[in-house]
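Here is a short briefing to read alongside the coordinates. Take a moment with the view below, then follow the points by topic.

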Amino acid sequence: ADTLGSAAAGQGRYFGTAVAANHLGESAYAATLDREFTSVTPENEMKWDAVEGNRDTFTFGAADQIVNHARSQGMDVRGHTLVWHSQLPSWVSGLGAADLRTAMNNHINRVMGHYKGQIHSWDVVNEAFQDGGSGARRSSPFQDKLGDGFIEEAFRTARAADPAAKLCYNDYNTDGVNAKSNAVYAMVKDFKSRGVPIDCVGLQSHFNGASPVPADYRANLQRFADLGVDVQITELDIEGSGTAQADNYANVVKACLAVDRCTGITVWGVTDKYSWRSSGTPLLFDGNYNEKPAYDAVLSALGGS
Ligand code: G3I
């Protein structure tokens with residue numbers, strides 16, 4: 001029988017999942033992960049608070065566990081994430097502008113340096129734009145103290161730190177064509193025209209009743225790809241159950257396969273049991289690691305059986 005990973009590979013894509021280090025010791029979790037997936041993203045273990053809770057003291061234990069597991073299985077690793085306003089230690093928020101710039105670049109250099117050559121793609125900057133219709137940048141220590149240029153600076157630093165890694169900008173509510181994705185689009189276009197290093201755009205793709213799979217999802221993936229970057233579906237989960245959920249998952253997979261530069265899909269967790277949506281069932285395996293209708297729909301959309 002095919003797996004998600006083998007079927008995706010048949011289409012020239014990877015199929016990944018977010019992984020939490022503290023579940024790797026659970027045999028059914030590890031068995032499902034190892035059988036089905038060809039890429040992993042640490043769910044929290046590479047975030048700033050996890051790796052540099054105190055300035056210049058780096059703790060890679062939990063992230064290393066995931067990277068070592070993935071490498072022993074021949075899986076790719078997506079690095080998540082270097083510069084983000086959330087899960088940011090308070091010492092960072094307290095710095096003045098000059099010091100913050102130094103700390104941001106040091107953080108990128110040290111974390112990317114630790115994993116140099118081992119990361120397929122890095123989410124260099126995460127969620128830097130506001131929701132709503134303004135298309136404006138989100139307030140954050142980086143934005144407020146360093147201004148718009150912090151994103152470009154982060155990408156330039158990242159390119160030098162690990163030239164082999166693909167450098168991604170990653171965000172949510174940018175899955176369809178809307179004011180927020182237009183703002184990201186304009187930034188990527190500007191970066192490409194000025195030679196600022198960027199290789200990929202991550203569309204998180206957290207979907208639910210209030211935020212369904214957009215009708216123009218494929219068109220949005222395609223317009224980013226047409227700028228000359230890869231697109232990756234980076235944190236896919238879809239609320240619901242049964243046929244409706246399965247159909248939505250199939251539509252997402254088909255949209256990716258219709259776009260040459262959509263290089264892979266990552267779901268945001270292995271099992272409903274450990275989803276960040278604590279009361280939801282948005283993933284492909286239920287709490288007992290049974291394949292859901294959504295699993296069958298994804299496998300079939302990938303051409304597997
Ligand atoms: O590890 C601490 C633990 O020491 C502490 O005792 C406990 C008490 O609250 O918290 C634990 O940390 C939690 C962490 O997950 C690890 O389980 C945090 O509270 C909790 O807020 C954190 O949630 C994560 C969330 O990002 C934080 O923003 C979710 O697991 C993770 O799935 C979610 O992932 C994000 C992506 O990084 C970015 N895009 C959106 C996506 C979903 O929110």
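The side chains of Glu-235 and His-206 make a polar contact with each other at 2.7 Å. Please keep in mind that this is a predicted model.

- Glu-235 sits in strand β8, which spans residues 230-238.
- Is Glu-235 buried or exposed? Its relative accessibility is 4%, which is under the 20% cut-off, so Glu-235 counts as buried.
- Leaving aside residues up to four places away in sequence, Glu-235 touches His-80, Asn-170, Leu-203, Gln-204, Ser-205, His-206, Thr-266 and Trp-268.
- The "active site" annotation in UniProt, from an unreviewed entry, covers Glu-235.

**Around the ligand**

- The ligand has 14 residues around it, and those that come nearest are Glu-43, Lys-47, His-80, Glu-127 and Glu-235.
- By residue class, the shell around the ligand divides into 7 polar, 4 charged and 3 nonpolar residues.
- Glu-235 places a polar side-chain atom 2.7 Å from a nitrogen atom of the ligand.
- For Glu-127, a polar side-chain atom is 2.8 Å from a nitrogen atom of the ligand.
- His-80 has a polar side-chain atom 2.7 Å from an oxygen atom of the ligand.
- On its own the ligand has 780 Å² of accessible area, and the protein covers 46% of that.

**Helix α12 and its neighbours**

- Helix α12 runs over residues 293-301, and its buried residues are Ala-294, Tyr-295, Ala-297, Val-298, Leu-299 and Ala-301.
- What do the buried residues of α12 pack against? Their partners are α1, β1 (14-19), α2 (27-36) and α11 (242-257).
- Just after α12, Gly-303 takes a positive phi of about 90 degrees.

- Thr-3 lies in the segment before α1, the helix of residues 4-10.
- With a relative accessible area of 15%, under the 20% cut-off, Thr-3 is therefore buried.
- Thr-3 touches Tyr-295 and Leu-299, along with Arg-35 and Glu-36, not counting residues up to four places away in sequence.

How values were computed
Residues numbered from 1 in each chain as written. Predicted model: local features only at pLDDT ≥ 70, side-chain atom pairs only at ≥ 80, totals over all residues. Heavy atoms only, no water. Near = heavy atom within 4 Å. Polar contact = N/O pair within 3.5 Å; in protein donor to acceptor, adjacent residues only side chain to side chain. Areas by Shrake-Rupley, 256 points an atom, 1.4 Å probe, with all protein chains shown as cover. Nonpolar A, V, L, I, M, F, W, Y, C, P; charged D, E, K, R; others polar. UniProt positions renumbered as here; feature names shortened; annotations may be inferred. Helix = DSSP H or I, 4+ residues; strand = E, 2+ residues; numbered from the N terminus. Buried < 20%, exposed > 50% of the residue type's maximum accessible area, 1.4 Å probe, protein only. Contact = heavy atoms within 4.5 Å.
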